[in-house]
Amino acid sequence: MKTRSAEDGWQQFLELCWQLKTKRQLNEFFDLFLTIEERNDIAKRCAIVKALLKQEEPQRDIAASSGVSVAKISRGSNYLKTISKDLRRFLESQLK
């Protein structure tokens, strides 16, 4: 369970992200806040979401090609079922 200060910190982080205006600013900001491993994990998660949204390959193949467990792919797939239609449309339009 998240502590109050962790939730406050997350909300502050989101507010900072919201105020950045350019890709350059975002890149520099994330360089400051994320390690190389964290950036790689986010990139991998983005690729997984993209593959799940395309629905062109089985989850086992997605897991194998991305180097993560089938369980992780299943969790991502299940979470995609809970997001709003607006977020899903946004992701589908942006993750071509």
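Visitor: Before we start, what counts as a helix or a strand here?
Guide: Helices (H or I, at least four residues) and strands (E, at least two) are DSSP runs, numbered from the N terminus. This is a predicted model, in which local features need pLDDT of at least 70 and side-chain atom pairs count only at pLDDT 80 or more, while totals for chains, interfaces and linings use all residues. Residues are numbered from 1 along each chain as its sequence is written, and side-chain values use heavy atoms, with hydrogens and water left out.

Visitor: Switching to charges, how many salt bridges turn up?
Guide: A search of the whole structure finds three salt bridges, each being a side-chain nitrogen of Lys or Arg within 4 Å of a carboxyl oxygen of Asp or Glu.

Visitor: Which residues does Asp86 meet that way?
Guide: The side chain of Asp86 meets that of Arg89 in a salt bridge at 2.5 Å, N to O. The two are separated by about one helical turn, because they sit three residues apart in helix H6 (residues 85–94). Asp86 itself is exposed, with a relative accessible area of 55%.

Visitor: What about Arg88?
Guide: Arg88 forms a salt bridge with Glu92 (3.3 Å, N to O), and as these residues are four apart in helix H6, about one helical turn separates them. Arg88 is partly exposed at 24% relative accessibility, and Glu92 is partly exposed at 37%.

Visitor: Where does Asp31 come in?
Guide: Asp31 pairs with Arg39 in a salt bridge of 2.5 Å, N to O; Asp31 is partly exposed at 45% relative accessibility, and Arg39 is partly exposed at 27%.

Visitor: Which residues make up the positive patch?
Guide: Lys44, Arg45, Lys72 and Arg75 gather in a patch of positive charge on the surface. Such patches are made of residues with over 30% relative accessible area and no salt bridge, with like charges joined within 9 Å and nonpolar side chains (Val, Leu, Ile, Met, Phe, Trp, Tyr) within 5 Å.

Visitor: Which helices supply it?
Guide: Helix H3 (36–54) and helix H5 (70–80) each supply at least two residues of the positive patch. Lys44 lies in helix H3 and is partly exposed, with a relative accessible area of 33%.

Terms used
Areas by Shrake-Rupley, 256 points an atom, 1.4 Å probe, with all protein chains shown as cover. Lys, Arg positive; Asp, Glu negative; His and termini not counted. Charge placed at Lys NZ, Arg CZ, Asp CG, Glu CD. Buried < 20%, exposed > 50% of the residue type's maximum accessible area, 1.4 Å probe, protein only.
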